[in-house]
Amino acid sequence: MAKFVSDKVRNHISNDLAFSILSKLPLKSMKRFGCVNKTWLVLFENPNFMISLCNNLISVPHSYYNDTSLLLHQIVYNREHNYVSFSLHILSGERFENKVKLDFQNLFQQEDPSFSVLVSGSVNGILCLYDRDTVVLWNPTTKEFKVIPPSPAESLPPYEAIIKYIHGFGYDPFSDDYKIIRNVGFVPVTDDDDDVLPSDVQWEDVCENYNTFWEVYSLVSNSWRKVDLVLPACCWEGGNCNDNLLYLDGMCHWLSNSYGDNKDNNEEYLVSFNLTDEVCFTTLMPTLTSLDTDSNETCNWVHRALVLLNGSIASILWYTTTFHISILGKLGVKESWTKIFVVGPLSDDIRYPIGAGKNGDIFFAKKDGSEPICFDLCTHMIEELDGIKGAHNSKIIIYKESLVSIGEKIIS
């Protein structure tokens with residue numbers, strides 16, 4: 001009898017202990033263990049459990065952020081002098097008060113190059129920068145860079161022009177290689193100027209009406225190759241595909257639209273491309289429900305951003321100044337999206353999120369172009385980034401120093 005009681009006690013886990021243990025698990029594990037106990041299935045409806053889960057999610061340091069710093073990419077328009085400046089700064093300090101401008105002029109052989117930074121963070125310390133025609137891999141730590149050569153597809157007949165949109169840059173651990181994936185399309189050019197695209201051309205029109213294909217660049221072979229894949233192209237949230245590109249654990253991720261035959265049935269989903277076996281996964285994105293919207297306000301257009309939140313893929317949805325943040329538990333499973341934060345309503349001068357930092361920092365641009373702000377998900381405190389001038393477009397990038405060698409040394 002005593003042994004039976006001892007075994008029964010040993011096999012029993014109190015609800016409080018289970019509550020504490022489960023709140024510390026990764027979201028993927030938490031979803032999987034929901035089938036063990038009926039009471040665990042409804043934990044996501046328990047406010048106290050969700051508070052504990054959220055605190056653990058953003059307060060426990062993730063190895064992704066070890067020895068990292070923040071980079072701020074800004075684009076400033078001076079309409080009076082018809083001038084655009086592009087800058088990249090490294091931020092440090094308790095509240096990012098220290099700012100050092102990075103010099104990369106020699107990368108593009110221009111005095112004031114225009115450029116974008118691909119994905120939300122460096123890949124083993126390497127950044128992928130590009131302008132309209134040039135793609136460059138750059139390691140700011142070693143000051144090494146690699147100008148990516150053109151592909152055979154860029155040798156075109158004179159009656160066609162090429163449009164190239166990079167969808168991802170990342171590391172393939174299996175082949176120890178760095179790769180870039182992009183979508184390429186051709187459009188007819190005008191008879192008057194063989195080098196000028198029609199001014200009203202849209203990428204959606206190119207995908208629908210003209211031939212497009214996919215290419216993958218390999219740093220090891222230093223060449224592009226055409227891949228026989230049919231992948232969903234990136235959607236243009238805010239007019240810029242680059243703001244919704246992520247890289248994590250050997251996979252490139254981007255947002256796409258699924259129209260099918262019925263364009264009124266507009267769905268959005270996450271596209272995940274495995275750089276090793278070149279297999280694609282799609283995951284339907286979470287949507288706003290009637291409970292998420294204010295019936296007194298008109299929801300004309302819902303905006304979405306992708307960020308990495310403490311090492312997890314996160315979707316941020318908003319249509320006013322209230323931001324709904326969901327975390328993905330498992331690729332390919334829409335039901336594994338779990339809403340963990342509702343931020344706001346914030347002040348009316350908040351424009352959109354521009355990136356995520358460490359342990360729950362979400363950065364936002366402001367409508368008036370003044371200093372960006374940082375919202376701390378742990379404390380719900382809002383702080384302006386002192387000493388950082390505003391810009392028309394900004395982006396926060398996670399950067400990790402590395403001694404990885406990629407090519408030529410910049411000559412100062």
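Me: Helices (H or I, at least four residues) and strands (E, at least two) are DSSP runs here, numbered from the N terminus. Which strand does Ile350 lie in?

Reply: Ile350 belongs to strand E20. Before going on: this is a predicted model, in which local features need pLDDT of at least 70 and side-chain atom pairs count only at pLDDT 80 or more, while totals for chains, interfaces and linings use all residues. Residues are numbered from 1 along each chain as its sequence is written, and side-chain values use heavy atoms, with hydrogens and water left out.

Me: Fine. Is Ile350 buried or exposed?

Reply: Ile350 is buried, with a relative accessibility of 4%. Buried means under 20% relative accessible area, exposed over 50%, and partly exposed in between, using a 1.4 Å probe and protein chains only.

Me: What does Ile350 touch?

Reply: Leaving out residues up to four places away in sequence, Ile350 touches Thr321, Phe323, Phe364, Ala365, Lys366, Lys367 and Ile373. Contact means heavy atoms within 4.5 Å. For Phe364, 14 residues from Ile350 along the chain, the C-alpha atoms of the two are separated by 6.7 Å.

Me: Switching to sheets. What is the strand order in the open sheet of four strands?

Reply: The order is E16-E17-E18-E19, paired antiparallel. Its edge strands, E16 (303–309) and E19 (337–343), each pair on one side only. On average, neighbouring strands of this sheet are turned by 25 degrees against each other, direction ignored. Axes are lines fitted to C-alpha atoms, for helices over the stretch in contact, and angles run from 0 to 180 degrees between N-to-C directions.

Me: How many bridges join E16 to E17?

Reply: Seven, with E16 and E17 (residues 312–318) running antiparallel. Two strands pair if DSSP finds at least two bridges between them. One of the bridge partners in E17 is Trp318, facing His303.

Me: Now E6. How many of its residues are buried?

Reply: Five of the five residues in E6 (135–139) are buried. Val135, Leu137 and Asn139 point one way from the strand, Val136 and Trp138 the other.

Me: Which strands does E6 pair with?

Reply: E6 pairs with strand E5 (residues 127–130) in the antiparallel sense over four bridges, and with strand E7 (residues 144–147), also antiparallel over four bridges. On the E7 side, Asn139 has Glu144 as its bridge partner.

Me: What joins E5 to E6?

Reply: A hairpin, through four residues. E6 and E7 form a hairpin too, with four residues between them, and Lys143 in that turn has a positive phi of about 60 degrees.
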